[in-house]
Amino acid sequence: MLATGMTMPLGRRVSRAAHAVSVPHGSILPGAAPVSQVLHPAMLAEDRAPRARRLRLASVNVASDPWFTRRRVDDRTWHLSEQHVHPFARCNVWVVHGRIRSMLVDSGLGVVRLSTEAADLFDRPLAAVATHSHWDHVGSFHEFAQRYAHPESARYLESAAAIGGALRRTGFAPETWQYFIDSGYVLEDELLSALPTPDFDVDAYSVAPCPANHQIDEGDVIDLGDVAYEVLHLPGHSPDSIGLFDRAGGVLFSGDAVYDGPLLEGCYEGGPEAYVATMQRLRDLPVRVVHGGHEPSFGRDRLIEICDTFLTRVT
Ligand SMILES: [Zn+2]
């Protein structure tokens, strides 16, 4: 998931057939404007102006169960997921417990307080990491005191307008929404199938500014005591995309650099070259399991398939 608007023709749009695979994610906008244009606040205002009448659809119920489902992945890792969010906007949230501190990888939409909902998982010092600055990954980032992100995230995380994001069709520029559909998504007008609270205002949604106070880049290490994660800079999906790699255990948290769904390049200026290099690098990485930013986790054989499919299509 990415932006709420775009300004340029989709000149380099990839045909739907080229990336119509299993469960689409469509996180980026081929041929779209550079992100400075994509996220320009004036565009958001223009797009939102017609929505003076605030809709509360009768079909949107209020959630009666926990907002986040949780699943234990292994003896140190939890997976959390926003069950009432359309897969298009539902990122994977990971909590990793180490001996001396824990690590949070991405934080969801921020429509409820993750730090409260999953308070029992945050019972020790925590490094909260954003794999990149897209709104569906940083919604609760501001709730955590120690925030880690790539330096390229800084220009986005400093303001709600730069982060962008919306919870229904009318919050997106029409051509952006159409692009998501053309990419293979089956989208209805609403991205939430239930409201978190009866008084939740879908149209008032925005992501709180959440500037990182720790910048992390290629080669840095997040050490949890008995496990350590190398930071890999994996540009392509976005300039600030990073992965977190436990080389000893072969575990990679890949954010949206790679996941088991359509991978789209061309969201940002400069073409897919950076993404090609990232996929070539990922292909050779000695991973045992990849926990992506969306969709189910997968192993090395599937990683190679995904990388090869991408590289065949793009190069
Ligand atoms: Zn993304």
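Residues 24 or more positions apart account for 69% of the contacts in the protein chain with a separation of 6 or more. Welcome to this predicted model, whose protein chain holds 8 helices and 14 strands. Of its 315 residues, 46% are buried. Here is a short tour.

**The nonpolar core**
- The largest nonpolar core takes in 70 residues.
- Met103, Val129, Val138, Tyr148, Ile222, Leu244 and Val258 have the most contacts inside this core.
- Take Val258 as a place to start looking: leaving aside residues up to four places away in sequence, Val258 touches Leu263, Leu282, Val290, Gly292, Leu303 and Ile306.

- Strand 12 (residues 242-246) and strand 13 (residues 251-255) run antiparallel and are joined by 3 bridges.
- To see a bridge in this sheet, look at Phe245, whose partner in strand 13 is Leu252.

**Helix 6 and what follows**
- Helix 6 spans residues 174-182, and Thr176, Trp177, Tyr179 and Phe180 are buried in it.
- These four residues lie on the same side of helix 6, because they cover an arc of only 155° around the axis.
- Just after helix 6 comes Gly184, with a positive phi of about 120°.

**Two loop residues with positive phi**
- Asp106 is not a glycine, yet its phi is positive, near 65°.
- You will find Asp106 in the loop between strand 5 (102-105) and helix 3 (114-117).
- Asp106 is buried, because 27 other C-beta atoms lie within 10 Å, and the cut-off for buried is 20 or more.
- Glu295 also has a positive phi, of about 70°, although it is not a glycine.
- The loop that holds Glu295 runs between strand 14 (289-292) and helix 8 (300-314).
- Glu295 has 17 C-beta neighbours inside 10 Å, so this residue counts as partly exposed.

Key
Residues numbered from 1 in each chain as written. Predicted model: local features only at pLDDT ≥ 70, side-chain atom pairs only at ≥ 80, totals over all residues. Core = buried A, V, L, I, M, F, W, Y, C linked by C-beta atoms within 7 Å. Buried ≥ 20, exposed ≤ 12 C-beta atoms within 10 Å, placed from the backbone. Contact = placed C-beta atoms within 7 Å. Arc of directions from axis to C-beta. Pairing = 2+ DSSP bridges.
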